[in-house]
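Let's take a friendly walk through a protein model, looking at how some of its side chains meet. Have the sequence and the 3D view ready as you read.

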Amino acid sequence: MRRWRRRRLRGICVLTLCDSAAIDLTAGAAGGTACVVTGQPFDTAKVKMQTFPNMYKGLVDCFVKTYKQVGFRGFYKGTTPALVANIAENSVLFMCYGFCQQIVRFLAGLDRKTELSDLQNAAAGSFASAFATLVLCPTELVKCRLQTMHELQLSGKITQGHNTVWSVVKGVLQKDGPLGFYRGLSSTLLRELPGYFVFFGGYELSRTFFASGRSKNELGPIPLMISGGFGGICLWIAVYPIDCVKSRIQVLSMAGKQAGFMGTFSNVLRNEGVLALYSGLKPTMLRAFPANGALFLAYEYSRKIMMKQIDAY
């Protein structure tokens, strides 16, 4: 009888972990979708200004020229891979975030239901981002190349552009093989590990501030959006120069052999100065607050709804 009870309890525990992982995966996908829908035009401007800073005087100039040359659809170039990238990244990120929180509890000698501190949540987010990088790098490479295809042709770096997701994917496979999708992997990892430490740290710190002694789960949509926006701004302030180097590696490698992270970083500093590493920061900051606010709002509310359904079942 006792053995049967132990097996039953173990089965319930495994089921709970699987349910929690599935919920985090689905809620992360909802959050990723909300993030793209909210901020795609600003992300397009960011990548264009990072990769070709000499073509644009600023954000307004980038928007005006893009509209004149390509039309309104130019702002949504790369939306499909951006959706795939964000859904894949945030699904894996939030699923692994739940697992990494349990690992942090185990390492700290805490009970599996104990609430972690803001610093411990930040560490769990940083660990989780390493797994998300593996699915993010290929999709982000395709997205960045699609977003800057017009500029690559204007600059003479390529003679024939690729206007669809499939044509970019086919071009990568023909030129570099499957490993070509992982150009800029080290830069992406360098961005994600510290970036998501401050991202989740900033989000949890802000939630703690708004909760002021209450449970964080009781917070309404406005505090959640502000907390998500604050986390997003913290992330980009911390890692923007790394992201700029990553974008250049992923885009310019299409035109020929491109130096690695340190080579690209030193080339930008030597030839263009330190300010070039912050080109496109304005659209990034304008996008960061609403996009990440929407991400966490969609994640938290969809997770809450699914948890209620599981509890009711």
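A charge is said to sit over a ring if NZ of Lys or CZ of Arg is within 6 Å of the ring centre and within 35 degrees of the ring normal. In this structure, Lys304 lies over the face of Tyr301, at 5.2 Å from the ring centre. The model is predicted, so local features need pLDDT of at least 70 and side-chain atom pairs count only at pLDDT 80 or more, while totals for chains, interfaces and linings use all residues. Residues are numbered from 1 along each chain as its sequence is written, and side-chain values use heavy atoms, with hydrogens and water left out.

**Aromatic rings**

- Rings of Phe, Tyr and Trp (for Trp, its six-membered ring) pair if their centres lie within 6.5 Å; planes under 30 degrees apart count as stacked, over 60 as edge-to-face and the rest as tilted.
- The count by this rule is 15 aromatic pairs.
- Take Phe94 and Phe296: their ring centres are 5.8 Å apart and their planes stand at 90 degrees, so this pair is edge-to-face.
- Phe94 belongs to helix α3 (residues 79-108) and Phe296 to helix α10 (residues 281-312), so the pair ties together parts that are 202 residues apart in sequence. Helices here are DSSP runs (H or I, at least four residues), numbered from the N terminus.
- Phe94 is buried, with a relative accessible area of 1%, and Phe296 is buried too, at 0%. Buried means under 20% relative accessible area, exposed means over 50%, and partly exposed is in between (1.4 Å probe, protein chains only).
- Trp236 and Tyr240 make another edge-to-face pair, because their ring centres are 6.3 Å apart and their planes are at 65 degrees.
- Trp236 and Tyr240 both sit in helix α8 (residues 221-252), four residues apart, or about one turn of the helix. Both of these residues are buried.
- One aromatic cluster is formed by Phe94, Tyr97, Tyr196, Phe199, Phe200, Tyr203, Phe296 and Tyr299.

**Salt bridges**

- Side chains of opposite charge can pair when their charged atoms come close.
- A salt bridge is a side-chain nitrogen of Lys or Arg within 4 Å of a carboxyl oxygen of Asp or Glu. The count by this rule is 15 salt bridges.
- Arg303 and Asp24 meet in one of them, with 2.7 Å from N to O. Arg303 lies in helix α10 and Asp24 in helix α1 (residues 2-51), so this pair ties together parts that are 279 residues apart in sequence.
- Is Arg303 buried or partly exposed? Arg303 counts as partly exposed, at 23% relative accessibility, whereas Asp24 is buried, with a relative accessible area of 3%.
- Asp176 pairs with Arg183, and their closest N and O atoms are 3.3 Å apart. Asp176 is partly exposed at 27% relative accessible area, and Arg183 is partly exposed at 28%.
- Arg207 and Glu204 form a salt bridge as well, with 3.2 Å from N to O. These two residues lie in helix α7 (residues 185-211), three residues apart, about one turn of the helix, and both are buried.
- Salt bridges that share partners join Asp43, Lys46, Glu140, Lys143, Arg191, Glu192, Asp243 and Lys246 into one network.

**Residues and their contacts**

- Contact means heavy atoms within 4.5 Å.
- Asp243, a member of the salt-bridge network, is found in helix α8 and is buried, with a relative accessible area of 0%.
- Leaving aside neighbours within four places in sequence, Asp243 is in contact with Lys46, Gln50, Arg191 and Trp236.
- Lys48 has its place in helix α1 and counts as buried, at 2% relative accessibility. Apart from neighbours within four places in sequence, its contacts are Pro53, Tyr56, Cys62, Thr66, Gln147, Thr148 and Glu151.
- Thr264 is in helix α9 and is buried, with a relative accessible area of 3%.
- Which residues does Thr264 touch, not counting residues up to four places away in sequence? They are Val245, Arg248, Ile249, Gln258 and Ala259.
- Thr264 and Val245 are 19 residues apart in sequence and 6.5 Å apart in space, C-alpha to C-alpha.
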